[in-house]
Amino acid sequence: MDDIVLQTHDDMAREILRDNDRGGHTIPTSGLYPYQWNWDSVFVSLGLAEFDMNRAWRELATLFEAQWPDGMLPHIVFREDNPSYFPGPPVWQADNGPLSSSGITQPPVAASAIVDLARRDPERARPFLRKLDAWHRWFHEARDPDGLGVIAITHPWESGRDNLPDWDAPGAAINVAGVGDYNRRDTDMVVADMRPGKEDYDRYLALVRFGAKRKWNQKIISAESPFFVADPGTTAILLRSERDLASLGRLLDEPVCGVEDRIARLESGFDRFWNPEVENYCAYDLRTGKHAAEATSAGFLALYAGVTKKTGELVRQLEEFDRSVEFMVPSFDPHSPLFDHRRYWRGPVWAHVNFMIARGLSDVGEVAWANRLRSDTAALIRNAGFTEYFSPLSGEGCGGGNFSWTAAVWLAWKLGEVEGFDRWAK
Ligand code: DGY
């Protein structure tokens, strides 16, 4: 009789990362996202580091192969033209870098991941030090041209939290008249009520055309784009990464010139996000000076960034959110009429966001909350599988399946060690 081999979730997570490996870079999931995505790849490197250190460093190296001469690290690296994804390279027309890519960036988690990996082998981080510094400097120059200490996005996709309601009001200024007909591919693979709506997509495409017309000249885009919104998520992630870059420089005995000033500017700029009516850090539109009117999961990343003066308020808001959902942390305020528990960034829980929020919570000593996020994430994955995101109400797995960053977070956060299903039975 054949031996029955029970596959653990650790085995499944490793298998997903191997299956999504395209030879030195990992795609988020086949079909829906067939290229290398920036922050996906960085989380993947943390998962790979749990079983194949060489492959983890290689993931980061292939991502940085696409870095533009001005320092920007693009949000998608196209090594081929794959018809299963739209908009592909012919729409972006972004030939500014060494490889075909999109013309925008994504949240800069890389320095924080590289510092984690460097703890095991510092010398392997050395080739990344100057590249990270160039990318971070680019954020300050291109996305904070007035030195306010807040980082703007020029496209909702730059936030990584694509269709968050925060972008609805600023997005109304985007002229979609010339967008015309196009064939979305995402809704061939995922049910439409889990994906952004048609109005969102028209705006995404209008902004891609806007950038392509300006040959992705970032100075012109920052000055002229109808969409220029300061994002607490990107800013918090950059602030933590700047601190990690500074410590990497010290570790390697190669000080990073100017990083302390950049940290100080972001620390003081972060206050601008505070919306007293919401009692959380909220996006604000740099074109109109208006704050977003509702809380999102990005506000909690303040703690991940080391901005701790509102810890009490943020924990109170976590408690508020928790009264309305089964699984934390919803991406958008569950009390809002715009909350939509299955639709991409308008409600669902994301494993990698929980991972970052929990790190911040444990940094400030909120250990019970950090453990709670960890056990919720473990329960969601155990019950629904390695999907892209999850309903905070039902725990249903949503979006793409066999998803790389969900698998990577499982491994990096050692979710296999979380006991039981207590949260599921709440
Ligand atoms: C998409 O195509 O949905 C991606 O999120 C863009 O980055």
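**Core and ligand site**

The largest nonpolar core takes in 142 residues; such a core is a set of buried Ala, Val, Leu, Ile, Met, Phe, Trp, Tyr and Cys residues joined through side-chain atoms within 4.5 Å, with buried meaning under 20% relative accessible area (1.4 Å probe, protein chains only). Phe43, Leu132, Trp216, Leu248, Leu361 and Leu373 have the most contacts inside it. The model is a predicted one, with local features needing pLDDT of at least 70 and side-chain atom pairs counting only at pLDDT 80 or more. Residues are numbered from 1 along each chain, and side-chain values use heavy atoms.

Trp216 has quite a list of partners beyond its neighbours within four places in sequence, including Trp68, Trp92, Leu207 and Ile221 (contact means heavy atoms within 4.5 Å).

Then there's the ligand. Around it sit Tyr33, Trp37, His75, Tyr85, Trp157, Asp162, Arg195 and Tyr344, each with a heavy atom within 4 Å of it. Looking at polar side-chain atoms, Tyr85 has one 2.5 Å from a ligand oxygen, His75 has an N or O atom at 2.8 Å from one, and Tyr344 has an N or O atom at 3.0 Å from one. The protein covers 95% of the 230 Å² of accessible area that the ligand has on its own (Shrake-Rupley method, 1.4 Å probe).

Methods:
Buried < 20%, exposed > 50% of the residue type's maximum accessible area, 1.4 Å probe, protein only. Polar contact = N/O pair within 3.5 Å; in protein donor to acceptor, adjacent residues only side chain to side chain.
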